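Here are my notes on the model. Please read them with the structure open.

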Amino acid sequence: MAQTIQGIRGMNDVLPQESPRWQYFEQVCRDWLAAYGYQNIRMPIVESTHLFVRGVGEHTDIVEKEMYAFEDSLNGEKLTLRPEGTAGCVRACIEHGLLYNQTQRLWYIGPMFRHERPQKGRLRQFNQLGVEAFGFATPDLDAELIIMLADLWQRLGLTGLTLELNSLGNADERAAHRAELIKYLEGFVNVLDEDGKRRLYTNPLRVLDTKNPALQEMANLAPKLEDYLGEESKAHFAGVKALLDDAGIAYRLNPRLVRGLDYYNRTVFEWVTTELGAQGTVAAGGRYDALVEQLGGKPCPAVGFAMGIERLMLLLEAQQVATPAQSPDVYVISQGEAAARAAFTAARQLRANGLNVIYHAGGGSFKSQFKKADQSGAALAVIVGEGELAAGTVNIKVLTGAQQGEQHTVAQDQMVNTIRSLK
């Protein structure tokens, strides 16, 4: 017997019994995004490695440790399975001239790849839905994106999510803070863990984001970026908070919220939950006004977010949010060769009239076919036996609801209308 081949660790299958929750989420999101005027864009999952080194940041964890990067053996190109969506979206917008003297509200959905230690809510192939808005410099778009997510939680029936908010200021303000922060952290080099030492000179803000309990007091007493913000950055952040206050959106100011990608400036935010353990962030984003120019385009303000779909699936399950069942309307049963052909035709006729229909293939007794019909969750069974065939009728049996067990024998040309009246 041939040896079975297993799936790759951290790259999971979504099985048929799990798919309805995913499809429910995707449909809710399509309606939600349309309500805010966002259009879909679809980018390839493989991009030039240089795009992420330049866009995400050479010294980020993603680029240093997590990217699935490889050399194409056919032409020597250095390629990477996308670890996030923003850089690819910006690349596509620049390449196709979508940002020239115009604004864009875009969204995308699909798999991302990071080589991490797989655990609950953190996979090597994971799915994200991302939203990006280009050409808007004012705080109203920052607030709109945050409020959009609050709206989505309500549409999905999720509760208990909290918003964390911070401002990273502009590049000059961060540079001044960075110099003071490095000077401060150098005094603690002997107590920094390996991650802290690695990030000290490359990404010192991330040192403050440590989860190590022994380093919390050091992080709490470190120079705060908010003390280095200029009037313009403060005014922008005040504008975001005022709009959130007007909308009744509660938030917690978190001065240590920095995000793990280099392109962010000004507003950053995370929506978090306590119900998923360590992987509590379900959606996060912020402003990245310099990235378009950094990747070769003309200066263009931008703001966006991404949400982890697997984590949202876990949260929907944890909160026992009911998702609509994907059951057929009708299950078609037959007995005898001639009746089976008539039943096959009946199934096609029902589908042509907008009904979801399973035709029982493979034969079997009435008893076994009815068992399959019950298992399918169909509301009705259409039965064609030799007697019905000879009489030009079909038998319709109600399988669910208050009328369960009722049977109706009707002429074949009345089948569709009868089924609609019974649904």
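**Notes on the predicted model**

1. Start with helix H16. Its buried residues pack against strand S12 (330–334), helix H13 (337–352), strand S14 (380–384), strand S15 (393–398) and strand S16 (407–411). Packing here is judged by contact, meaning heavy atoms within 4.5 Å. Helices (H or I, at least four residues) and strands (E, at least two) are DSSP runs, numbered from the N terminus.

2. Which residues of H16 are buried? In this helix (residues 415–422) they are Met-415, Val-416, Thr-418, Ile-419 and Leu-422. Viewed down the axis of H16, the buried residues fall within an arc of 165 degrees, so they line one face of the helix. The arc is taken from the directions that run from the helix axis to the C-beta atoms. Buried means under 20% relative accessible area, exposed over 50%, and partly exposed in between (1.4 Å probe, protein chains only).

3. A word on the basis. This is a predicted model: local features need pLDDT of at least 70, side-chain atom pairs count only at pLDDT 80 or more, and totals for chains, interfaces and linings use all residues. Residues are numbered from 1 along each chain as its sequence is written, and side-chain values use heavy atoms, with hydrogens and water left out.

4. Next, an open sheet. Three strands run in the order S2-S4-S3, with antiparallel pairing. Strand S2 (46–48) and strand S3 (68–71) are the edge strands, and each pairs on one side only. From one strand to the next, the twist averages 35 degrees. That angle is between N-to-C directions, on a scale from 0 to 180 degrees, with axes fitted as lines to C-alpha atoms. Two strands pair if DSSP finds at least two bridges between them.

5. S3 and strand S4 (residues 78–81) are joined by four bridges in the antiparallel sense. Ala-69 stands opposite Thr-80 in S4.

6. Look at Glu-47 in strand S2. Is Glu-47 buried or exposed? Glu-47 is buried, at a relative accessible area of 9%. Its side chain makes a polar contact with the side chain of Arg-91 (2.8 Å). A polar contact is a pair of N or O atoms within 3.5 Å; within protein, one must be able to donate a hydrogen and the other to accept it, and residues adjacent in sequence count only if both atoms are side-chain atoms. Neighbours within four places in sequence aside, Glu-47 contacts Phe-52, Lys-78, Leu-79, Thr-80, Gly-88 and Arg-91.

7. Last, Cys-300. This residue sits in the loop between helix H11 (291–294) and strand S11 (302–308). Cys-300 is buried, with a relative accessible area of 7%. Its C-alpha atom is 6.7 Å from that of Phe-134, 166 residues away along the chain.
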